[in-house]
Amino acid sequence: MRRQRHQFAFDPVAVGRGECEAWVGYYRRDWPRMLAGLLGMVRHGFALGLFGNLKAAWHVLRGSQAWAPYPDNDPEAARGHMARFFRMANRAGRLRVDPILAAELEVAWWHAHRAQQHDVEVTYDDLVTAMVRFYCYVYQADPADVRRAAELRVQAMALSDAWVAAGCHLDDPTLAKERLTLVASYAALREASNSSFVPYSRDGRHSQGTG
């Protein structure tokens, strides 16, 4: 039986660029910049409408802020905000997930990445596995279909970590590589699940036909 997949089409270029901008804002603790990047991700990835895009991006920002302090962060608050984000995506018909489980899997890869950043025994493959699990659940896909997207996103994380280690300079050419890698990751993710997209207009309404 064919799996019932998500019903939204996203722009991998805009989403990848938005995530790069959000990561820059996160690591520089420039929260307005991060919110702008997240707003681009939500607008081009989920199209929840003007107010919905802003509210959803705000929840991701607040979840990220709860997660940000090290070592005294607040994973429970981070999961709570991400669950609210996934509930909004469900209500809009973009995803069909258990928001609590989706939030747990999201924060699980955040945790794996942070552990890797701080010299805990977490390997590249461990981080890819955490990302694959998240993608498989949220996009209702097989592991082999989303592995390339997961690998590229983990590679983008490594570039981001190198950028942070070098001082978080906005003129660092590593940022361009990171941005291109994120775009490639989302292009691979879209290709992996392209067969069931339902196009939508910018105001969030489903359009007719297929694409």
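The points below concern helix packing, aromatic pairs and backbone geometry in this predicted model.

1. Packing of α1 with α8. Helix α1 (residues 12–27) packs against helix α8 (residues 174–192) with an axis separation of 8 Å and an angle of about 135 degrees. The two helices are therefore oblique to each other, and their crossing is right-handed. On the α1 side the contact is made by Pro12, Val13, Val15, Gly16, Arg17, Glu19, Cys20, Trp23 and Val24; on the α8 side the residues are Leu175, Glu178, Arg179, Leu182, Val183, Tyr186, Ala187 and Arg190. Sorted by class, this contact of α1 with α8 has 11 nonpolar, one polar and five charged residues.

2. Packing of α1 with α2. The axes of α1 and helix α2 (residues 31–45) come within 7 Å, and the crossing angle is roughly 160 degrees. Because the angle is over 145 degrees, α1 and α2 count as roughly antiparallel to each other. The crossing of α1 and α2 is left-handed. Contributing from α1 are Ala14, Val15, Gly18, Glu19, Glu21, Ala22, Val24, Gly25 and Tyr26, which meet Trp31, Arg33, Met34, Gly37, Leu38, Met41, His44 and Gly45 of α2. The class count for α1 with α2 is nine nonpolar, five polar and three charged residues.

3. Aromatic pairs. The count of aromatic pairs comes to 10. In the pair of Phe85 and Phe86, the ring centres are 5.2 Å apart and the planes stand at 75 degrees, so the arrangement is edge-to-face. Phe85 has a relative accessible area of 6% and is buried; Phe86, at 2%, also counts as buried. Both belong to one aromatic cluster, formed by Phe46, Phe85, Phe86, Phe134, Tyr135 and Tyr139.

4. Cis peptide bond. Most residues other than glycine have a negative phi, and most peptide bonds are trans. The bond joining Tyr70 and Pro71 is cis, with omega about 5 degrees. Pro71 is found in the loop between α3 (50–67) and α4 (75–91).

5. Positive phi at Ala47. Ala47 is a residue other than glycine with a positive phi, near 50 degrees. Its place is in the loop between α2 and α3. With a relative accessible area of 1%, Ala47 is buried.

6. Positive phi at Gln140. Phi of Gln140, likewise a residue other than glycine, is positive and near 50 degrees. Gln140 lies in the loop between α6 (124–138) and α7 (143–165). The relative accessible area of Gln140 is 18%, so this residue is classed as buried, the cut-off being under 20%.

Notes. Residues are numbered from 1 along each chain as its sequence is written. This is a predicted model: local features need pLDDT of at least 70, side-chain atom pairs count only at pLDDT 80 or more; totals for chains, interfaces and linings use all residues. Side-chain values use heavy atoms; hydrogens and water are left out. Axes are lines fitted to C-alpha atoms, for helices over the stretch in contact, and angles run from 0 to 180 degrees between N-to-C directions. Helices (H or I, at least four residues) and strands (E, at least two) are DSSP runs, numbered from the N terminus. Angles under 35 degrees count as roughly parallel, over 145 as roughly antiparallel, 65 to 115 as roughly perpendicular and the rest as oblique. A crossing is left-handed if the near helix is turned anticlockwise from the far one by less than a right angle, and right-handed if clockwise. Contact means heavy atoms within 4.5 Å. Ala, Val, Leu, Ile, Met, Phe, Trp, Tyr, Cys and Pro count as nonpolar, Asp, Glu, Lys and Arg as charged, and the others, Gly among them, as polar. Rings of Phe, Tyr and Trp (its six-membered ring) pair if their centres lie within 6.5 Å; planes under 30 degrees apart count as stacked, over 60 as edge-to-face and the rest as tilted. Buried means under 20% relative accessible area, exposed over 50%, partly exposed in between (1.4 Å probe, protein chains only).
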